[in-house]
Amino acid sequence: MDQARYSLGSPFRDFSSIVWVSEITSLQKKAKHVIRSQVIKGATALSIARVIVNSLSLVSTIVLARFLMPDDFGVAALATTILFILTSVTDLSLANALIHQKEIGEDHIHSAWTIDFLRWQLLALILAATSYPASWLFSEPRLVGIMMALGLATAFSGLSNPRMALFMRDLDFR
């Protein structure tokens, strides 16, 4: 009789598995809620950051448009186009590589920072070195100074922290 009570078709066995499954589904619901709230916080933080960056970009464009003559504004646009092409061609997507790593050690972060820093320094040098040829090519002597200034600003871009990619991966936007 005891064997029949605990057999595979027994209602006691079915009840214990239902309780176990309901505990798992309740944990899954809690995990989904936590992930959902993290995603909402992250999306909000990224949206606010994007609005701030775009607002600053708009303000700087308005300031440039106010102080520069139309010809000067065109020269600045030409220099930034050259910079955009250089950065697009040399993009390494190191942040994406860090995000997709399962385990990230200090060596990964140091290597990503060093490679990115060297890339931005090389871009600054290329921008400075091509300022005179670009000035000759476009018959615009003012392009030299603007490209040199952009090269200096580009050199500082290499100081960005690759640990920000870890916050994005972990959905930690504090």
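Figure 1. At 1.5 Å a residue, the 15 residues of H7 should span 21 Å, and the end C-alpha atoms of H7 are 21 Å apart, which agrees. The expected span of a helix is 1.5 Å times one less than its number of residues. Helices (H or I, at least four residues) and strands (E, at least two) are DSSP runs, numbered from the N terminus. The buried residues of H7 are Leu143, Val144, Met147, Leu150, Gly151, Thr154 and Ala155. Seen down the axis of H7, these buried residues fall within an arc of 145 degrees, so they line one face of the helix. The arc is that of the directions from the helix axis to the C-beta atoms. Buried means under 20% relative accessible area, exposed over 50%, and partly exposed in between (1.4 Å probe, protein chains only). Leu152 and Phe156 are exposed on the face of H7 turned away from its buried side. The cover over the buried residues of H7 includes H3, H5 and helix H6 (131–137).

The structure shown in these views is a predicted model, in which local features need pLDDT of at least 70 and side-chain atom pairs count only at pLDDT 80 or more, while totals for chains, interfaces and linings use all residues. Residues are numbered from 1 along each chain as its sequence is written, and side-chain values use heavy atoms, with hydrogens and water left out.

**Figure 2. Overview of the protein chain.** The protein chain has 8 helices and 0 strands, and its elements run α-α-α-α-α-α-α-α from the N terminus on. Of its 174 residues, 20% count as buried. Among contacts between residues at least 6 apart in sequence, 70% join residues at least 24 apart. Contact means heavy atoms within 4.5 Å.

Figure 3. The 20 residues of H3 should span 28 Å at 1.5 Å a residue, and the end C-alpha atoms of H3 are 29 Å apart, which agrees. Val75, Ala76, Ala79, Ile82, Leu83, Leu86 and Thr87 are the buried residues of H3. They cover an arc of only 135 degrees around the axis, which puts them on the same side of H3. The face turned away from the buried side of H3 carries the exposed residues Pro70, Asp71, Phe84 and Val89. H5, H6 and H7 are included in what covers the buried residues of H3.

Figure 4. Thr87 lies in helix H3 and has a relative accessible area of 16%, so it is buried. Leaving out residues up to four places away in sequence, Thr87 touches Arg119, Trp120 and Leu123. Arg119, Trp120 and Leu123 are among the buried residues of H5, which also include Ile109, Ala112, Asp116, Ala124 and Leu127. H5 has 24 residues and reaches 34 Å from its first C-alpha to its last, close to the 34 Å expected at 1.5 Å a residue.

**Figure 5. The largest nonpolar core.** This core has 12 residues: Val75, Ala79, Ile82, Leu83, Leu86, Trp120, Leu123, Leu127, Ala134, Leu143, Met147 and Leu150. Helix H3 (70–89), helix H5 (106–129) and helix H7 (143–157) are the elements that give two or more residues to this core. H3 gives the most, with 5 residues. A nonpolar core is a set of buried Ala, Val, Leu, Ile, Met, Phe, Trp, Tyr and Cys residues joined through side-chain atoms within 4.5 Å. Ala134 is in contact with Ile82, Leu143 and Met147, its neighbours within four places in sequence being left aside.

**Figure 6. The second largest pocket and Thr61.** About 240 Å³ of space lies in this pocket. The lining consists of Ser57, Ser60, Thr61, Leu64, Leu68, Asp72, Phe73, Ala76, Ala77, Thr80, Ile146 and Leu150. H2, H3 and H7 are the elements that give two or more residues to the lining, and H3 gives the most, with 5 residues. On a 1 Å grid over the protein atoms alone, a pocket is an open set of points where a 1.4 Å probe fits, with protein on both sides within 12 Å along at least five of seven lines; lining residues have an atom within 4 Å of a point. Grid points are joined across faces, edges and corners, and a volume is the space filled by probe spheres set on the points. Thr61 is in helix H2 (residues 11–67) and is partly exposed, with a relative accessible area of 35%. Thr61 and Phe73 are 12 residues apart in sequence and 9.5 Å apart in space, C-alpha to C-alpha.

**Figure 7. Ser139 in the loop between H6 and H7.** Ser139 is placed in the loop between H6 and H7. The phi of Ser139 is near 50 degrees, a positive value in a residue other than glycine. With a relative accessible area of 61%, Ser139 is exposed.
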